[in-house]
Amino acid sequence: MDLRLSESDEAFRAGLRDWLARTLPALPEAPTRDDWPARVRFDTDWQRRLFDAGYAGLSWPTAYGGQDAAPSEQLLFLEETTRAEAPYVGVNFVGTLHAGPTLIAEGDEDQKAAHLPRILRGEEVWCQCFSEPEAGSDLAGLRTRAVRDGDHYVVTGQKIWCSFGHVGEYGELLVRTDPDAPKHRGISWLILPMDLPGIEVRPIETLLGSSEFCEVFLDEVRVPVANRVGAEHDGWRVTNVTLSFERGTAFVSEMVDARRLAEELRPHVTSTAERRELGHVLAALDALWALTIRNVSQASRGVAGPGALMFKLAYSEARDRLGELTMRVLGRGGFDVHDYRVEERLRTLSLPIAAGTSQVQRNIIGERLLGLPREQPWPAAPSGSPAR
Amino acid sequence: MNFDLSDDQVALRDAIRRRCEDRFDSTRVRAGFDADAFAELADAGVFSLRADGFAWADVSLVFQELGRALVPGPLVWSHLAHGLVDGIVGGLERPATGQPILLEHLDALDTLVVVDDDGIVAVPADALRGATPLDWPLDPLTPLHRVDTVPAGTRVGDAATARGWRDAGRVLVAAFQAGMAQACADRATAYALAREQFNRPIGSFQAVKHLLADLAVRAEVARAAVDAAACHLDDPDVGDVDRAVRTAKCLAGEAALANAKGSLQVHGGIGFTWDVDVHLYLKRAWLLNTTFGSPDEHAEVLAS
């Protein structure tokens, strides 16, 4: 057990730092938050630069243009780029981190050839169409119907929380192909070209006043059967294969940012109470950094340790504590959302909700790690009796 | 970089865990610390790990297991003093003015060591025989004596040695507390699986399940902090040793306390009784949070 980087990791980091030092000053100016066409240009340009430098698809196999890098290199890449304030993955998020890995694991050769090289080069932007108004935490309860009609599925339904829905050229679409099967067994995974007739995209204005997410309405959209990834009705399994590509690194950039924000609060805390709280936050974030390194170390050896299932819950809580301390310390200086610290406080309100609420996380930890039984249905109460 | 237990470390951890299960079950733990317990722990190599060539990361694993079993005694001090002061050694950090001077396990000690910024002094326990015992100490497994002053004693370590002891002492107490936090999570989970109400295990209720998940997460995060601090002691070049050590003591101290209370809650009424060990974990957590710095003290330094 140690925290020392190997020689090859050191070499990787040195090369990356050198490249960042040469590349970042030459980048065009970052676009404003609401200028989506400019954001797409900027983010895909960054992806192209990563590709040209050999940093695209770090976790992807070399057979599909990836780097097949060690998890520790993936960690170092995210740590160093975030420290250097390089652009984020941005609109390339779904393509490079979710849709691409899904195609690698489950796509056929035509699907791989059509999309993987373009995703890596920043030529293709993807969005995710999974959640529905009636299927949030209970994602497998989704209702969007896909009815087979010859070589096509005819898809009708409504999706929500589609990240980058208004700029994606393709969407990851989950549909119900067998309404009579148990809910996890009647789902299929489709590649949705977002320009097909019958698709309407409406941006959702979040409490930040921005529109990373959209609603997508599907009205008898004809999707070729050839766009199905994996077997028919097997889409639930297909959606879950991508997790292994994260290898413990999903929150590395978040962690680097959180620690920077906490460090930046140091000179601004005035009272003993604030100083103590900041110390507790710094300690919590340092501990979570250690847990990140542990998770990555275990992923490198193919070990599924408990920390991987625990991280998001613990991080969400630490981040909320940091956000609240920030507002306390800023006081009436915290009422301008142009201040990135305030914007971050607002943005991080989504952490305990997105990608599995903290309550769902606790159920998962309780049932999968601790072996606790699922909540059992109650017998009906006798009529006229308010108590059980 | 492999921040996970090596095969040797897993074997070491499992061996000490078995030893604790065999020799320090609840009955033995409740009998308290004495010369026999010391001899047994010494025989297991608990105090001589560093002298025997083990890394701090290894020692930390052993103390996590001792904490899991809640083994009583001046274990950290005797480990720190090994090779410098013979016999059963207890210790004291020079307390802040206004705080009572309380000596732990005095009747079992050969020597008391006192650590402050200037160094370490050793006081023969015989010189402290007039101390007044507390007849109802908070932690029943840690007997306390009160003294007004500590005799001068003999200098056995300089300021640099004292600093080293403080760093190592913080990590070992934190390791012990991380083990306590894990034990509280494990015991509460086991109880929630066995205890039935409304014809079902109480662990099936989400209100209880979520509490148990929080206990498990808190223990795991504290353990990561403790292991990281131990790795910093072994290899100071990997980062800021003082920061890593204080982080561990802060997190593990909070985890031991919060998990003992959470375990008490899951146990319900039976958790409020003397017979169940939960209160022993809770009381030790309070005690250890006054040893080698409290979570709040370390937090304040971390943010300064």
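Leaving aside neighbours within four places in sequence, Gly119(B) is in contact with Arg155(B), Gly157(B), Asp158(B), Ala159(B), Thr161(B) and Ala162(B), two residues being in contact if their C-beta atoms, placed from the backbone, lie within 7 Å. The model is predicted: local features need pLDDT of at least 70 and side-chain atom pairs count only at pLDDT 80 or more, whereas totals for chains, interfaces and linings use all residues. Residues are numbered from 1 along each chain as its sequence is written, and chains are lettered from A and ligands numbered from 1 in the order in which they are written. The C-alpha atoms of Gly119(B) and Ala159(B) are separated by 4.1 Å, although the two residues stand 40 residues apart along the chain. Gly119(B) is classed as partly exposed because 17 other C-beta atoms lie within 10 Å; the class falls between buried (20 or more such atoms) and exposed (12 or fewer), with C-beta atoms placed from the backbone.

Gly119(B) is found in strand S4 of chain B. Helices (H or I, at least four residues) and strands (E, at least two) are DSSP runs, numbered from the N terminus. An open sheet of 4 strands in chain B has the order S1-S3-S4-S7, with mixed pairing; two strands pair if DSSP finds at least two bridges between them. Its edge strands, each pairing on one side only, are S1 (89–93) and S7 (154–157) of chain B. On average, neighbouring strands of this sheet are turned by 35 degrees against each other, direction ignored. S1(B) runs parallel to S3 (residues 111–116) of chain B and is joined to that strand by 5 bridges. Glu93(B) has Val115(B) in S3(B) as its bridge partner. H6(B) lies across S3, S4 (119–124) and S7 of chain B, at about 85 degrees to S4(B); axes are lines fitted to C-alpha atoms, for helices over the stretch in contact, and angles run from 0 to 180 degrees between N-to-C directions.

Chain B is assigned domain 1 (7–79), domain 2 (86–159) and domain 3 (160–302), with bounds from an automatic or database domain assignment. The C-alpha centres of domains 2 and 3 of chain B lie 26 Å apart. Their contact takes 13 residues from domain 2 and 12 residues from domain 3 of chain B. On the side of domain 2 that touches domain 3, S3 and S4 of chain B are the elements that give two or more residues.

H4 (residues 56–69) of chain B packs with H7(B) at an angle of about 145 degrees, the axes being 7 Å apart. In this contact Trp56(B), Ala57(B) and Ser60(B) of H4(B) meet residues of H7(B) including Val226(B), Ala230(B) and Leu233(B). The axes of H8(B) and H10(B) come within 8 Å and cross at roughly 145 degrees. Residues meeting there include Arg243(B) and Arg246(B) in H8(B), and Pro295(B) and His298(B) in H10(B).

The contact between the chains takes 43 residues from chain B and 45 residues from chain A. On the side of chain B, elements that give two or more residues are H6 (159–194), S9 (200–201), H7 (206–234), H8 (241–267) and H10 (295–302). H7(B) supplies the largest share of this side, 14 residues.
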